[in-house]
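Thanks for coming. I will show one structure and then talk through how its parts are put together.

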Amino acid sequence: MTSTRNCAGITSSRSLTKGFFWAIASDDRGHGGQGPPIVLFHYAPGRGGEHAERFLQGFGGQFLQVDAYEGYDRLTRLERPQGPWMLVHCWSHLRRRFVKLARNTKSPIAEAAVRQIATLYAVEATVRGMTPQARLAARQQYSTPIIAALKPWFEKQLSMISSGSKLAEDIRYGLAHWEGLTRFLGDGRLELDTNPVENAIRPVCLTRKNALFAGHEVGAENWALLSSVVATCRLNDVNPVACLAETLDAIINGHPQSQIEQLMPWRFRKTSSPNP
C-alpha cells in the first residue's frame, strides 16, 4: 500500500523561495505483509500533480492512498503497465472535518457523522495485522452495511440543511470522493486512511523552519534524503543514530555496493534504546 503527502518549506538563502517536501510511504503491516516499511521524501519547487507523477515513476503498485488534493487526479489517467493509479481516499480527513465542526458548533449531524465513522474504525481495529482475506471478509460482513446506510444518510442530511453551510460543504466533500473512500471494501490490503504517511511527514511540517538552513535546492534535496533514512528507521523501530553510524562506517570500510540491501534500516539489528 503506497501513500503520498506534501508539506511546504523554505529553501533559498538569498531570496525566500517556497518549496515542498513530498512523502511517499509504503507499509504493509496492516494486512500482515512482509514488505519492509519505507518512507521516501522528495523535494520539489511546487505541489502540482506533475511532481507526484515524477516521484512515482517506477512504483509497481496499483493503489495510491491520498488526501483529496486535486493534483493527484492526473495519476488516474496515466498509461502504465499496471494501468492508471487507483486513488484510495482518506476517512481520517473526512472525520477530521466533522470533529472540528462538532467541536465548534455542537452540530448533532456532525456528531452523528463522527460516531458512524467511528464504527468503521472499530471494525478495522479487530482485523489489524490479519491477512487480506480475513480483513476483506470482516469488512464485507460489518463495514459494507455501515457504508450502505451512510451514503443515503449523508444525502438526506444534505437535502435538509443550508447549501451554503460548512456542514453542507463537508458532506459534499465526502460524497464527491465516495468511490475512493469506499475502495477499501473491495481489497483487504487497503487502509482506511493515510495515517502512516501523515505520521511520517508531521515532524517535518512541525519543524519546517529548519528548512531555512537548506540554503538552496540541493540542500533541500539532501535534507529530504536524510529525512527518508530517519523516518524509515523509525518505522522499523530502529535507532536512526545507531543505524546511520554503522552504515557510514560500513561504507567507509568498503562495503560492496552490490550488497547495499544489507545496510537498509529494516536489516539493521533492533535496538532496545528509545528513538531520538
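I will go from the overall fold to the cores, then the aromatic rings, the salt bridges and the surface.

Please keep in mind that this is a predicted model. The protein has nine helices and five strands. Read from the N terminus, the order of elements is β-β-β-α-β-β-α-α-α-α-α-α-α-α. There are 276 residues, and 46% of them are buried. The accessible surface is about 14,400 Å², with 55% of that belonging to carbon and sulfur atoms. As for contacts with a separation of 6 or more, 63% are between residues 24 or more positions apart.

Now the interior. In soluble globular proteins, nonpolar side chains tend to be buried together. Here the largest nonpolar core has 26 residues, and Trp 91, Phe 98 and Phe 184 have the most contacts inside it. Two or more residues each come from helix 2 (91-105), helix 3 (108-127), helix 4 (132-160), helix 5 (166-176) and helix 6 (178-181).

What does Trp 91 touch, not counting residues up to four places away in sequence? Its partners include Ile 117, Leu 120, Ile 147, Trp 178 and Phe 184.

Val 123 is a second residue to look at, this one in helix 3. Its relative accessibility is 11%, so Val 123 counts as buried. Beyond its neighbours within four places in sequence, Val 123 is in contact with Ala 138, Tyr 142 and Ser 143.

Next, the aromatic rings. The whole structure holds nine aromatic pairs. One of them joins Tyr 69 and Tyr 72, edge-to-face, with 5.6 Å centre to centre and 85 degrees between the planes. Both Tyr 69 and Tyr 72 are buried. Trp 153 and Phe 154 also pair; their planes are at 55 degrees, so this pair is tilted, and the ring centres are 5.6 Å apart. Phe 154 is buried, at a relative accessible area of 1%. Trp 153 and Phe 154 belong to one aromatic cluster with Trp 91, Phe 98 and Trp 178.

On to charges. Side chains of opposite charge can pair when their charged atoms come close. How many salt bridges does a search of the whole structure find? It finds 12.

Take Arg 97 and Glu 169, whose closest N and O atoms are 3.9 Å apart. In helix 5 itself, Lys 166 and Asp 170 are four residues apart, so about one helical turn separates them. They form a salt bridge with closest N and O atoms 2.7 Å apart. Lys 166 is partly exposed at 41%, whereas Asp 170 is buried at 0%. Through shared partners, Arg 97, Lys 166, Glu 169 and Asp 170 are joined into one network.

Another salt bridge is between Glu 191 and Arg 135, at 3.2 Å between the closest N and O atoms. Glu 191 is in the loop between helix 6 and helix 7 (195-206) and Arg 135 is in helix 4, so the pair ties together parts 56 residues apart in sequence. Are these two residues buried or exposed? Glu 191 counts as buried at 12% relative accessibility, and Arg 135 counts as buried at 0%.

Last, the surface. Leu 248, Ile 251 and Ile 252 form a nonpolar patch there, with about 340 Å² of accessible area together. Ile 252 is in helix 9 (residues 240-252) and counts as exposed, at 72% relative accessibility.

Definitions and conventions: Residues are numbered from 1 along each chain as its sequence is written. This is a predicted model: local features need pLDDT of at least 70, side-chain atom pairs count only at pLDDT 80 or more; totals for chains, interfaces and linings use all residues. Side-chain values use heavy atoms; hydrogens and water are left out. Patches are made of residues with over 30% relative accessible area and no salt bridge: like charges are joined within 9 Å, nonpolar side chains (Val, Leu, Ile, Met, Phe, Trp, Tyr) within 5 Å. Accessible areas come from the Shrake-Rupley method with a 1.4 Å probe; for residues, only the protein chains shown count as cover. A salt bridge is a side-chain nitrogen of Lys or Arg within 4 Å of a carboxyl oxygen of Asp or Glu. Buried means under 20% relative accessible area, exposed over 50%, partly exposed in between (1.4 Å probe, protein chains only). A nonpolar core is a set of buried Ala, Val, Leu, Ile, Met, Phe, Trp, Tyr and Cys residues joined through side-chain atoms within 4.5 Å. Contact means heavy atoms within 4.5 Å. Rings of Phe, Tyr and Trp (its six-membered ring) pair if their centres lie within 6.5 Å; planes under 30 degrees apart count as stacked, over 60 as edge-to-face and the rest as tilted.
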